[in-house]
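This report describes selected features of one protein model.

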Amino acid sequence: MALGVLDLFSIGIGPSSSHTVGPMRAALRFVDELEGHGLLHRVRRVRVGLYGSLAATGIGHGSDSAVLVGLSGFDPETLDPDQVGPLVAEVKTQRKLHLGGRLVIEFEPETDLVLHMRKNLPGHPNGMLIRAEVDDEVIEREYYSVGGGFVVTAEELAAEKDAAETIEASEQAGQEVGRTIDFATADELLARCREHGLSIAELMAVNERVTRSDEQLREKLLAIWAVMRECVHNGCTREETTLPGGLKVRRRAPELRAKLEAADYRASGSLDALEWVNLYALAVNEENAAGGRIVTAPTNGAAGIIPAVLHYMDRFVTGDGTAGADASSDDGAGTAAGASAADDAVVQFLLTAGAIGILFKRNASISGAEVGCQGEVGSACAMAAAGLCAVLGGTPEQVENAAEIGLEHNLGLTCDPVGGLVQVPCIERNAIASVKAINAARLAMHGDGSHRVSLDQAIETMRQTGADMKSKYKETSRGGLAVNVVEC
């Protein structure tokens with residue numbers, strides 16, 4: 001398969017996978033290409049244009065800063081988020097750019113980095129043009145940030161469409177594609193599971209063995225989980241009370257954590273779990289809004305849902321009722337057998353969620369700029385519901401049902417960030433969708449997997465709804481809450 005589970009879960013920084021991580025990767029890729037062709041030392045000038053949604057909400061999403069960081073040679077996976085502010089300030093004050101971290105060139109932010117608010121490139125709403133003057137030659141590349149931090153050139157975008165059509169034709173002809181157990185739809189995924197006697201997670205593990213060993217896959221997935229836990233810890237312990245950006249949105253996770261841990265706090269019955277889930281989701285998305293280290297899952301705008309449901313699983317499902325209770329610490333306590341079982345559950349969850357995410361990426365979109373927030377929060381909710389259902393012992397059919405429920409009740413969700421910031425309504429939206437994912441998984445477990453609306457039908461509905469949705473509701477901050485909430 002063209003996509004693997006680790007493509008859906010990558011480490012970066014906030015506040016947006018498509019508007020921050022994507023542009024940074026595109027800029028770094030451009031620099032690496034220049035260096036690979038021996039041209040970097042001959043560059044005289046670099047100019048960047050951001051188009052469509054990248055331009056409309058680029059300032060609030062940090063797209064302009066991300067481009068400067070990428071051109072300076074930094075990768076979002078290894079970048080220290082605290083480096084961004086000083087680096088960008090230096091470029092703007094000195095009017096110089098350390099291209100690739102080596103070559104110093106003149107750079108005028110006002111003219112060399114332009115946001116084309118009312119223009120779009122043909123391939124996708126999130127378009128970029130990067131030009132370098134090399135001696136007397138101009139080298140130009142057109143990039144698209146297609147959601148979840150994925151970046152492709154115009155040529156690659158066209159090739160992907162051709163490849164998808166080729167694979168689909170081969171599958172219809174009954175031909176094997178590579179050494180994987182390939183699937184293009186949820187129905188095909190279920191058929192392959194029945195044919196090979198595998199769970200969804202097991203099938204995904206078979207596919208991943210084409211590129212890495214089981215041990216390597218497990219290590220990488222647990223590393224993703226470790227970053228998610230660190231993100232929750234950071235979000236619960238920050239001393240800053242207000243998020244950056246001008247809306248003056250207050251951080252709530254530290255206060256909520258203190259309240260939940262207070263000796264005199266008494267939640268009513270099962271609502272205790274709901275309170276903790278809210279905490280986990282808020283902590284992650286407040287970190288994202290502040291530009292902290294984040295796992296795209298599958299995007300930054302929806303990054304809190306899968307970590308919140310994983311923490312719920314760790315504390316209320318696979319744990320003894322105390323694991324994860326203190327969201328601000330991780331002392332590694334527990335027997336080796338207990339830790340191994342908990343890790344097994346995390347791996348099973350992420351492999352299952354990844355399979356569902358691949359269906360969204362292939363058959364619709366995970367980009368808010370393309371289909372609205374249903375593509376971000378809706379897909380993450382479905383992925384989390386599927387992962388939890390699998391850990392609860394659900395059959396592949398029940399897992400597919402859980403994913404469908406999670407998506408169906410997010411259909412039509414618009415992306416209308418107030419002030420172009422990933423704060424309102426994004427942060428609370430993650431908390432609500434996390435609870436919705438848990439409910440979807442548990443509801444599916446009460447059935448036998450048969451249901452009226454299939455996941456494939458729901459995904460196709462999401463694609464069609466996104467196509468019908470006006471651009472002002474797709475991450476441009478020109479409609480919905482973005483124009484009805486007064487910025488203070």
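Predicted model: local features only at pLDDT ≥ 70, side-chain atom pairs only at ≥ 80, totals over all residues.

Which residue in strand 7 is the bridge partner of Val 134? The partner is Glu 137.

Strand 6 (residues 126-134) pairs with strand 7 (residues 137-147) in the antiparallel sense, over eight bridges. The two strands form a hairpin with two residues between them. In its turn, Asp 135 has a positive phi of about 55°.

Strand 7 also pairs with strand 8 (residues 150-153), again in the antiparallel sense, and here the bridges number four. Within this pairing, Tyr 144 has Val 152 of strand 8 as its bridge partner. Two residues lie between strand 7 and strand 8 in their hairpin, where Gly 148 takes a positive phi near 70°.

## Strands 3 and 4

Strand 3 and strand 4 (residues 103-106) run antiparallel and are joined by four bridges. Three residues separate them in a hairpin, and Gly 100 in the turn has a positive phi of about 65°.

The side chains of strand 3 (residues 96-99) alternate along the strand. Leu 97 stands opposite Ile 105 in strand 4.

## The second largest pocket

The second largest pocket holds about 750 Å³ of space. Its lining consists of 33 residues, and those closest to its centre are Pro 244, Ala 289, Ala 290, Gly 291 and Gly 292. Several helices each give two or more residues to the lining, among them helix 2 (17-36), helix 6 (84-94), helix 11 (214-237) and helix 13 (271-289).

By residue class, the lining divides into twelve nonpolar, twelve polar and nine charged residues. The pocket lies between domain 1 (16-156) and domain 2 (186-473), because both domains give residues to its lining.

## Cysteines

The structure holds zero disulfides. For Cys 193, the closest cysteine sulfur is that of Cys 389, and the distance of 13 Å is too far for a bond. Cys 193 is buried, with a relative accessible area of 3%.

Cys 236 is likewise in no disulfide, and its nearest cysteine sulfur, in Cys 231, is 9.4 Å away. With a relative accessibility of 2%, Cys 236 counts as buried.

Methods:
Residues numbered from 1 in each chain as written. Heavy atoms only, no water. 1 Å grid on protein atoms, 1.4 Å probe; cavity = no way out; pocket = protein on both sides within 12 Å on 5 of 7 lines; lining within 4 Å. Points joined across faces, edges and corners; volume = space filled by probe spheres on them. Nonpolar A, V, L, I, M, F, W, Y, C, P; charged D, E, K, R; others polar. Domains from an automatic or database assignment. Buried < 20%, exposed > 50% of the residue type's maximum accessible area, 1.4 Å probe, protein only. Pairing = 2+ DSSP bridges. Disulfide = S-S within 2.5 Å.
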